Structures are given as C-alpha cells and as structure tokens.
Amino acid sequence: MSETAQTMPTRSYLNHPKGLWTWLSTLDHKRIGLMYLYLIMTAFFAGGMLALLVRFELLTPGRELMGADMYNKMFTLHGAIMIFLFIIPSIPAALGNIIMPLMIGARDVAFPKLNLTSWYLYVIGALFMLFSIITGAVDTGWTFYTPYSTSTSTAVISTAFGVFILGFSSIFTGLNFIVTIHKLRAPGMTWFKMPLFVWALYATAILQVLATPVLGITLVLLMAERFAGIGIFDPAMGGDPVLFQHFFWFYSHPAVYIMILPGMGIISEIIAIFSHKKIFGYRAIAYSSLGIAFVSFLVWGHHMFVSGQSELAAGIFSFLTFFVGIPSGIKIFNWLATMYKGQILLKAPMLYAISFLILFSIGGFTGIVLGTLSVDVHLHDTYFVVSHFHYVMMGGTVMALLGGLHLWWPKIWGRMYNERLAAIAAVFVFVGFNVTFFTQFFLGTQGMPRRYYTYLEQYQPLHAMSTHGSWLMAIGFFIMGFYLIHAIFKGKPAGPNPWGALTLEWTTASPPPTENFDKQPLAEHGPYDYDKVVAKPTA
Amino acid sequence: MPSQASTVAPDVDALYYFIYWLSVIFFAIVVGATFFFVVKYRRRGEATTTSGVDHNLTLEIIWTAIPTILVMIIFVWGFKGFVRLYVVPAHAMQVNVTAQKWFWTFDYPEGVNAVNELIVPVDKPVKLLMSSKDVIHSFFVPNFRIKQDIVPNRYQIIWFEATQTGTFNLFCTQYCGKGHSEMVGKVIVKTQKEYQDWIDQASGPVAGETMADYGKKLYTSRACNTCHSIDGTPNTGPTFKGAYGRTETLADGTTIVVDENYIRESLLEPTKKVVSGFQPVMPTYQGILKQQQIDALIEFLKTVQ
C-alpha cells in the first residue's frame, strides 16, 4: 500500500458550482447519478422498512401489528417500491450514470438534458406512487393481476400511472446509454476493449428500450379498463384476465434481466480488480449478456405454468427457460476461472462479489427447479418462489449494487470508508439474508402459499426464524449506512486509484472534476491487462 | 416435501430430488473453488503481473455442454410429468368446484354439496371441473402436488387420485384479497364405503342431532366462520355473538331487528341490507343451503349469546 498521504482535489464536480439550484438544473451525469442515488437509497430504506413490518406481522399466525387489509397493502408497496423505484433504476441510473461515461473516457452522456429529464420523470413517477399511498394505497400485489385489480376499491390508477411514468424514465436512460456507448468511447477503446460493466449496461439498455413500452401499454389498458370499462381483461365483459398476465410478464420477465445484467457487469469488474487478473472468457461474458437479453424475451410464459395456458405453450416456455440458465452458468464458471491463479484481496467489494457468487448460484439452481414443469406445479405461488426471486434480486442484484457502491464510493466522494466496519456489515447482511430466505425454501416445499396474512400453525417455527433473520440483515444495513455516510465527511482521502485498477475511471481524480478528465484519455491498454500493467494503489 | 398422497407425487418428488442433488454437487464445486482460490491465491504483498490466459476452448466447451445435457434431461422429465398431471383418466368421477371470495364449494353428481371440505374416495381418479365467481383463485393441495389457477368465465380442469386416506390441506394460492389466507379448506380422503355413507348422510342432520347442533356444524362447514366470529370480535362481517334479537343500524341509516326473516334474507340476498360499517362483500348462499340447513343455522344463531 502506498505510504504517501493523498489530498482531496480542491475543485471537483461535488463542490463546483455550489448551490442547490446548480444541482437541480445540472447536466453533469455524475450529479444526476448522485441525485438518483439519494432517491434510490431512500426508496430502498422505505421498501426495507415495509419488509421488516411484513416479516414482523408474520412472526405468528395471529395479528401482530395490522389487519389483513393493511398487510396486503404493505406487501404490495414493498414489492412495488423495491421493483419500480429501487432495483430497476438502481445500478443503471445511479451507478451507471456516474461511472459509465468515466469508464469509456467520455465527457458526459450523449444527451445530458434527456438524462436530467429522466431524473425528473423518476421524481414525478415517485410522487404519483406517494400520492397513491396517501389516498389509501393499493392492495393488488405488485403484479396488478386482473380482474382483482379492476375490481378492488384501492388506489390502482394513481399507482399504475406512477409506474407508467417511471417506465419512460427507464426508456430514456436506456436510449441515452445506447447512443453514449456507440458514439462517445475514448480513442483506442474498441468494442472488445470496453469494460464488461459497459457491455452489461448496453445489453440492459436494449431491454429497457424494447420491453418497457409493453408495460406502458399494459398499464394504459388497465387504467382504461378501470376508467371506462373497455372490457379487454374483465371476464364479465368478455375480456381475458390471462391476456393481462401475458402482457405483464412480456415486460416483467425481461425486467428481471434489466435488474440482474448490470449486477453481473459489476461482479466482472470487482473480480478482475481484486483478483488482479485478466478476466477469463471476456467475449463469452460479453456475448452471454446479449444472449440472455435476447432469450429473456421468449420465456415470459414460465410465470404462468398453472394459469391455464396450453400444455404445448408451457412446454415451449419451459424449454426456452433452460437456455437462460446456461449463459448464467457460463458467467459463473468464467468468474471462478478468473480467480484461479490470481492475487486475491478480500476487500469489501470482493466480499460482496463472493456473496453474489454464492447467493446467485442458489437463485439459479432454484430457478432450474422452478423452470421444470411438473415440479413447478407444486412450488408455484409458494414461499419457494418468494425465496427464489429474493435470492436472484437481493442475493444477486443488491449484492452487486453493494459491491459496486463499495468499489466506487472512493471514486464518487474521494474518500475511503472504514474497512473493518464494512466487513462486519457484509457478514451481518450475508448471514441475515440466508437465515431469512433459506428457511423460506422449506416453507415453500411444505406448501406454504405466498401473500398469506395468516397461516397454519405448522409453519410458525420457520416463519419466526425468517423474521429473526430480517433483523440481522437490518443491523448490517444500519452499520453500512453509518460508515458510508461517515466516510463522506471524515474518510481518509482515497487518491485517484485506491484499488490499483486498470479501467479509465481510475485515471482521473477522486472525486473527478466536472469535465471528468483534464485531457482526452486514451485506452492504451485493455481494461483487464493485469498480465502487462501494474497500477499502484493510491490508498 | 410433504408426505405423498397421490399417484403423481412420487414422480414429481423424484425429479425434485434429482435436481436438488445435482444442484448440491454444482454448488459444492462453485463454493469449494471460490474458497479454495481465495485462500490459495490470496494476495501476498504488492500486486504483480499475473497470468494472461483469457480463454480455454476445451474447458469452455465442457462447462457449456455438461449443463446443457443435464437441463435437457430435466426438461424432458418435467414435461412428461406435467402432461401426466393434466391428462384426466377416462373413468374419473367428477366433482364441480366453485371458488369465490373466500371459500370453496364442491358439488357432487348425487346433488350433495359441501363447503371447504372436499370429500373423496381413496384409489379412485377424481376430475375437478372448476370455475370462479369473481377473481382468479388457485386450487392447491400440497400432499397431492397439484395446483391449478381458476380464472373467471371459463372452466378449468385438474385431476388426482388419492393413494391414502386422511385429511389434507387445501390452499388458495392466487392472491384474491382480504380473506385470501383464510381461503383454506380440507381434502378428506375416505375409504370407498365411508365415502358412500357420507354421500347418503350429507343431505341432513344425523339421527339424534338437534337443529342447533347441526347448525353449528354448518357454521364451519359452510364457511360462515371465515367472516363471522362467535366470540364478539368483528371480522369481515358482524359477529354472530348476540346477533339474534339485536337491533342493527344498516348502511342506509335505518334500523332493523335481527330475526328469522332477516337472517334468511341475509343468506339468500346478502347485499340487500348490509349492517353499517361493513362492506357488501358476502356472496349469496342461494342454491348452496337447503331450507332445512337455513333453519338449522337460525337455531344455531339463537344459541350464540
């Protein structure tokens, strides 16, 4: 480690220009990304609190805090906030926005005004959802299945409209990233010299642009159904409720990959940096991102094996589903091969990358279980599914997000966090997560259905264990919140390249100047040329 | 997995455990390799240049091909099992299932019906012809490994053949609102003879039973207890405790004394006169309760004071 004390740059994007309005009207991708990060973390906090309340209510079969109506609203809000306000925008709009232009050596994204527009759309969408909470919230589950959603008396329209607007925010970000990656790469950075995080964001952006409009259309139809009774989904008017499910999952399955692909990109970066080794199978990882993105459009029906679609359709969807599993497996093997004969340093980001490898593997294996037709019939809509998607979404995407935050926190703020506290928090989160969700696999195989306010006495011990796990996780997150915020003000200056990494964002100051780089950077070596170049860590 | 009580359960479980053990093996490889590498290749001192090997075709073909072959085996096995779950044997007996917020009704060919208790004979295929009166519900019996969504405005079919007698849980697994988690019933598998006896007796009270006692049985078997308590706590509907003879204020502000005729009317046209403070969500029992059963429920209500 370097002994020379680092100093903070006097002028950076954080302190120049000053004033709240310069932030709210900024066109700087780093500031916009940071404003996204504030809101996303607020949403994560709110969704997390709701999760704790839901888990607490499930401690025993009886009433703990709330009645069934309130419980139904709680789990709906937990899902809707976590999906639409947190996970989908989390990595692309916050971290991607801040880091991606730096990574490709660009001055900014291609359309800075569109970028700010995306942020304001996010704010407006979030306000609509807030409005719906104040006016009685919604109790449909985040999936809005008809005809329940067209017949319930709760605030479906304002919530759906909020999600509709959030969709446009997502589309604009995707569009911006596609053009940025095509046009603004630094001289020397060919497609196959791009960092894998950039590849992942590129595949994600394609999904955002192509899939999100379908969600928009579906929600417009849902609102029209409630407003005007047009009868597309409502069986009482000759509509088909299963059609809604087809529309909904045509977006929401690719959306799963909007959530996980950027996470995989971060994991590729972390494993290469902290193994100090050239990434194994660069092209395989890059192509598998695109492959996953393509196949993800063809598997939506695996959410509907027991909905009454034809056996043939179910068979085809099941068959294709396994082809999403294979590229995901290839990525895991590539990451392992990267660690082989590396020089591995167990810093906080790497702890989260290893958590990701373990938890995402479990999420993947249980995905194979659920993709298998005859087995899925038993497990569908039980806690097995709840646990599976938390392993993928939280064990996968959130672990990657946390890894990314710990990786780039020194770049964003120019200061280091407390490594010891970081390790303690990571252990709490990892153990708490498994206590919470691994127990739910047992609940699911035993037949415990999801979205139940009360349950049979036989499931109580496992529910109690799951609830206790959620408290461990909460402790981890509170420690993390503490040391990350502390680092912003009191952390040791990090210098430009605290980890000795080779991608371009580490060649400029931490925090970077508004212009990103003092002079046009060149991609003189590949992003993972640890076989040729050694960069000295600056912290 | 819960105990196996249907003909299809062993095959489903065998496939489940096949995938389970494969996953355990691959998981052990991934986690084992991770920890081994972390320990063996931990960084000692300052970082130096490392191996530049970035691909190995043989290795990549192996780790692509093996999982592909395995998942294809899993797919074919699962698809065959799935078809078996949904192709109804020709000689199956039929029971009509009606799902609604928040209870199950079962209608038998003999004209008998039951609420929240599906009573079937052992070792005989049973075909369920299912429909929903309101939103989507889902019929799930964990011990049988079967599940089917019930979408309004169409029939949906599932079948099973129970292999052992006993009582098994029946859950609604498609979220359907406030009472979703109480839309829980039982599947009671009887021997052929017990089943026949039940069919014979199901149309009335057993010998020596008072009307009030029969009504008390109906209170649970017809799922009144899902929404109406008998201990005084208000639920989705008003409590039955002290209901008979009580003066209630209705939603339109008028008052009514709960008597035999009001109870009867509330069973047959439940949304006509709703007690103030409650939602008009109760479904009609027209066609589900026989006259004698209505009489018995009224007698039962009189005893709950």
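The following dialogue discusses how selected features of this predicted model may be read.

User: Which conventions and confidence limits apply to this model?

Analyst: Residues are numbered from 1 along each chain as its sequence is written, while chains are lettered from A and ligands numbered from 1 in the order in which they are written. The model is predicted, local features need pLDDT of at least 70, side-chain atom pairs count only at pLDDT 80 or more, and totals for chains, interfaces and linings use all residues; side-chain values use heavy atoms, with hydrogens and water left out.

User: How many residues does helix α8 of chain A have, and what span should they give?

Analyst: Helices are DSSP runs of H or I with at least four residues, strands are runs of E with at least two, and both are numbered from the N terminus. The expected span of a helix is 1.5 Å times one less than its number of residues. Helix α8 of chain A covers residues 241-275, so its 35 residues should span 51 Å, and the distance of 50 Å between its end C-alpha atoms agrees.

User: Where does α8(A) bend, and what is found at its start and just after it?

Analyst: A bend at a residue is the angle between axes fitted to the seven residues ending there and the seven starting there. By that definition, α8(A) bends by about 30° at W249(A). A polar contact is a pair of N or O atoms within 3.5 Å; within protein, one must be able to donate a hydrogen and the other to accept it, and residues adjacent in sequence count only if both atoms are side-chain atoms. At the start of α8(A), a side-chain oxygen of D240(A) comes to within 2.9 Å of the backbone nitrogen of V242(A). Just after the helix, H276(A) adopts a positive phi of about 45°.

User: How many residues of α8(A) are buried?

Analyst: Buried means under 20% relative accessible area, exposed means over 50%, and partly exposed lies in between, with a 1.4 Å probe and protein chains only. In α8(A), 31 of the 35 residues are buried, so the helix is largely enclosed by the rest of the structure.

User: What describes a pair of aromatic rings?

Analyst: Such a pair is described by the distance of the centres and the angle of the planes. Rings of Phe, Tyr and Trp (its six-membered ring) pair if their centres lie within 6.5 Å; planes under 30 degrees apart count as stacked, over 60 as edge-to-face and the rest as tilted. The count over all chains is 73 aromatic pairs. For W142(A) and W249(A), the ring centres are 6.0 Å apart and the planes stand at 90°, so this pair is edge-to-face. The pair links distant parts of the chain, with W142(A) in the loop between α4 and α5 of chain A and W249(A) in helix α8, 107 residues apart. Both residues are buried. They belong to one aromatic cluster that also contains F84(A), Y145(A), F233(A), F244(A), F247(A) and F248(A).

User: What phi and what peptide bonds do most residues have?

Analyst: Most residues other than glycine have a negative phi, and most peptide bonds are trans. In this model, a cis peptide bond joins T146(A) and P147(A), with omega about 0°, and P147(A) is in the loop between α4 and α5 of chain A. The bond from S510(A) to P511(A) is also cis, with omega near -10°. D381(A) has a positive phi near 60°, and its 7% relative accessibility makes it buried. N153(B) has a positive phi of about 75°, but at 58% relative accessibility it counts as exposed.

User: How does strand β8 of chain B pair with β5(B)?

Analyst: Two strands pair if DSSP finds at least two bridges between them. Strands β5(B) and β8(B) run antiparallel and are joined by 6 bridges. W159(B) in β8(B) is the bridge partner of K127(B). In β8(B), 5 of the 6 residues are buried.
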